[in-house]
Amino acid sequence: MSAYIGKRLVDAFLTILLVLSLVFVAMRVLPGDPATSALGDLATEDQLAAFRAKMGLDAPLPVQYVVFLWQMLRFEFGRSFVSDETTLSMLATALPYTIELTIAAIIVGAMIGIPAGVVSATRRGRAADYAARGLSLIGFCIPEFYLAALMLIVFALKLDLFPIMGGGDAFPDRMYHLVLPALTLGLVMAAFTCRLTRSSMLEVLPRAFVRTAQAKGTTERRVVYHHALRNALIPVSTGFGIYILTMLSGSIPIELVFSRPGLGNVLVNAISARDYPVVQGCLALFTLFVVAVNFAMDIVYVLVDPRIRAAA
Amino acid sequence: MTGLTRRSALAVAFATAATSALPAPAGAADRNTIRFGLAVQRVNSLDPAINIQGEDQTVTRQIFDTLVDPPYGTFDLDPRGLVMEAAESMEISPDAKTYTIKLREGMLFHKGYGEVTADDAKFTLDRLRDPATGSGYRIYYEPIEDVKLLDKYRFQIVLKQPDPTLYAKALIARAAFILPRKAVEKLGEGFRRAPVGSGPFEFETIDPNRGVVLKAFEQYHGGKPAVDGVEFRYVPDSTARTLAFAKGELDMIEGVRLPGWTDDIRRQVPTAKIDLTRPGSNNMVSFNLTRKPFDDIRVRKAIRYAVDRKVLKDAYGDLYGDVWGINPPEYPGGFTSADLPAELRYDYDPAKAKQLLAEAGFPKGFAFDQEISQREDFQGIMLLLQDMLRQVGIDMRLKTIEHVRFHTDMNHDLGTLVLNSETTAPVGTLLFDSSLLKSAAVDANGGGRSNFSHYGAAMPGIDDIYAQIMAEPDLEKRIVLTREAELRVLRDMPAWNALSLHWVFARNPRLDLGYEIRASYAYFTLMKARFAA
C-alpha cells in the first residue's frame, strides 16, 4: 500500500512539473508583451527595457525557467507585474470564493442529480424517466454562461430574490450571494450526475444480490437506496472526481457573469494583461488541486475496491 | 398522487424560513453612497502616474486634485475659462515657454499628510518626467526643461520649446494630479494600492466585493461632497452590469460601445440617464502604404468612397460622432463638413469607388487579410467596414484575435488596413504625434508608435508642417498650420478617422452629477454628485 502511495506521489510530482513547464512555455510563446501591458501604449522603449530588466524578463529563457522552477518549489509566486501585489495574497483573497462555489455546486449537483438518476432508473420508460432524461439533456446542452444569464434575469431581476453581483461580505451575505452561481453550476453538474447514476443503477438493479434482497422481503425503498445505490455509487464517485476537475474551469465563466471575485476572475484578467506571475500562480494552484483530487481518488479506489487494493 | 408528508412540510417550512432570513439587497434609496459599476475585473494601479487602464483613472480622478481642468463636463480648453482646481492661477508667458502657477493656500492632503505645497507639485511633475517612474504619460512631460520653486505656493514650469497647449496635454485631469511627496516616499510601490490625494474623496480600501471604496473627504477645500462615498464595483460582464443597473444595485455603469446598447438600456430602464462623453475615442483606419495595393492612391480613395458614414451613424446612434478631417470637430480647429472642399469630404459614392478600382487595375475588386481585436468597439466598426467594402467588390478577410496580441501584431507591422482606437486631449497635434509622423512609423521589430501607414516614411508626409507647428508659440497660428496638415493628409489619404465613438454611461435618474456631461475623457469628477430626494 505504501509503495502504491509512493508511486502515485512521484506521478503527481512529475505531472505538476510537466504542467508548470507547459505553462511557462505557453506564456512566453503567447504573443503580447507584458511590459507594454503593464506600462501602456505610451511607454517608451527605454521604459519598457527598464521594466523588463526589473522583472527579469530580459534574461535568457533557460535562466528564467530555472528561476521560475526554483520559485515554484519554494511557493514563491512573485508579485503581479500590473498591480505589484504579491501573487500569493491575490490568490489567498480569491481562493475562498472559488472553493465555496465549487463545494456548493457539488452539493447542489449531488442532491439533485443522484435522486433524479435513481428515480429515472427505477421508473424506466415512464414519465419520470423521460422527464429526468429530458432535463438532463437540456442541462448538457445549455452553455453555463447562458444559464447564468437566465438565472440572473429570472431570479435576481424579475423575482428580485437574489443579488446580481459580488461575493458577499459576512457569512450570511456570502451564502446569499452564493445561491444563484451555485445553482447554475450545480444544475449543469446535476445533469451529468443524473445520467451517470441512472446508467449505473440500471447495471446494478438486475444483479443477483438485488433480487436476493427483494426475495427476502426487504422494502423497495431499502432495496433501491441501501443495496442498489450503494453499489451504483462506485462509478458515480469516479465520475464525480472527474467532474470536480472540469468544474474548476466551468466556474470561470460563472464567476465572470456573477462578478464573483474568485480565481477565474483573477486568471482571466492576468492572461489578458500577460501578468506572468499571477497566471503562473493561478495555474500552479489549479494544477495542485487537480493532482490532489486525482491522488485522493486513487486512494479512495484502493479503500473502496478490494481488487485494486490487492493489485496495489 | 401522494399527500403532504411531514417530511415535505418540514422542508417547505425550512426553505421559507431560510429565504426570509436572507439579507435584502440595499437599493439606491437606502444609501447615500454611489455605486459605480466598472467594466473591469479589478483596478490595477491607483497611482495616477502609472494608471494602466481607463478605469484606474475613473477612480483616481476622485481621489486627487488636478492643477486645472476644462469646465466640468466639457472639453473647452480656452485658458481663460479653465476651472482652477489645485491651482489658484496660471500664467503663460508670451513666448509660451514658461507657465507660472500659484496653488490655493490651505489645501490639505488626506490622512494627515499636511498641506499641499508647490514642492509637492514640483515633486509630481518631476516624477512624471523621470524615466525611472515608468509613467506611460511621460511623453506629455518631456517638453519640460525644469520645474522651479518660487515660494511655498508658487512654481514655474520652463519648457524646452514654445508650447501654448502644454496645459491641455499635461496639466488637466490626465496624470497631473498633485501627489504628497511624503506619502509617496513613505509608501513606495504600496502607493498604487493605498493612494493619498487631496481630492474630494479619500481612499478607504480595496475590497474584493465592494471594489474600491472611497469616502467623502471632510476637509476638502471645495467643501465636503454631498454623498458619503463612492464604491467602484468590478462588474466586467456587460449583461450582469446592465442587469445590476436595471435592478438598482448600481447607480452608474460603464456602457457598452456596441450598436444598439443605448436603445436596449432605455428599453429596460426608461428613466435611465445616458451620459455621453464627446468626442470619445478616435478610430483611425490606416492603409499600410508598404503593402500592395494600398500604395496606390486610387485604391485608398476607392475605399474611402465605399464607406458610408450614414451606415456607421445609423448603427451607433448616440455613440457616433462625425469626423471630417483627422481631428473631430470638437477639437479647436477641427473641420466640419462645410469647411472642406467636396473632393476631400469623400462623400459615399460606390460608383466612383468602383471606377477608381477599375482604373487601378481591379475591375472585379480584390481580397486581403486583416486581423481585428476581439474588443467590442473594434469588432463593431470593422464588421461594418467589411460589409461596406464588400459592396464594391473588396473582400476584407477578418481574423479576430485577442486584444493584446492584436496590438503586438500591428506594432510589428503585420497590418494591412489597421483600425486603432485612441483617446487624446483636444489638441490638434496629438493624433499626428501618434499616428502620422515618420518617427511614429511601426517596424517589424515593434518600434515606432501607431503610424501603421508608414506615412512620412513610405511617402512624404506632414513632418515639415509639424516642425513649424512645434516652433509656433501662437495658438491661433498653430491651429491654422494644423488644418493645413490635415488637408494634406486628406489629399494623400494614408489614414482616416472613421468616427469618434463616444464613451457611454447609464445613470440612475436620482443621481445628479451637478453638471451636464457633454465632452470629457472617459472619466469625470463626482465631487458635485448628490442623490435627489
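Predicted model: local features only at pLDDT ≥ 70, side-chain atom pairs only at ≥ 80, totals over all residues.
User: What does the radius of gyration say about chain B?

Analyst: The radius is taken over C-alpha atoms, and the globule rule is 2.2 Å times the number of residues to the power 0.38. For 533 residues a compact globule would have a value near 24 Å, and the 26 Å of chain B agrees with that. Along the principal axes, the C-alpha atoms of chain B fill a box of roughly 85 × 85 × 40 Å.

User: Is Gly113(A) buried or exposed?

Analyst: A residue is buried if 20 or more other C-beta atoms, placed from the backbone, lie within 10 Å of its own, exposed if 12 or fewer, and partly exposed in between. Gly113(A) counts as buried because it has 30 C-beta neighbours inside 10 Å. Gly113(A) is part of helix α5 (residues 87-122) of chain A. In chain B, 51% of the 533 residues count as buried.

User: Which residues is Gly113(A) in contact with, leaving aside neighbours within four places in sequence?

Analyst: Two residues are in contact if their C-beta atoms, placed from the backbone, lie within 7 Å. For Gly113(A), these partners include Met189(A), Phe192(A) and Thr197(A).

User: At what angle do α8 and α10 of chain A pack?

Analyst: Axes are lines fitted to C-alpha atoms, for helices over the stretch in contact, and angles run from 0 to 180 degrees between N-to-C directions. Helix α8 (residues 171-204) and helix α10 (residues 220-257) of chain A pack at about 155°, with axes 9 Å apart. Angles under 35 degrees count as roughly parallel, over 145 as roughly antiparallel, 65 to 115 as roughly perpendicular and the rest as oblique. α8(A) and α10(A) are therefore roughly antiparallel.

User: How many residues of chain A touch chain B?

Analyst: In this pairing, 44 residues of chain A are in contact with 36 residues of chain B. On the chain A side, α7(A) gives the largest share, 5 residues.

Methods
Residues numbered from 1 in each chain as written. Chains lettered and ligands numbered in written order. Helix = DSSP H or I, 4+ residues; strand = E, 2+ residues; numbered from the N terminus.
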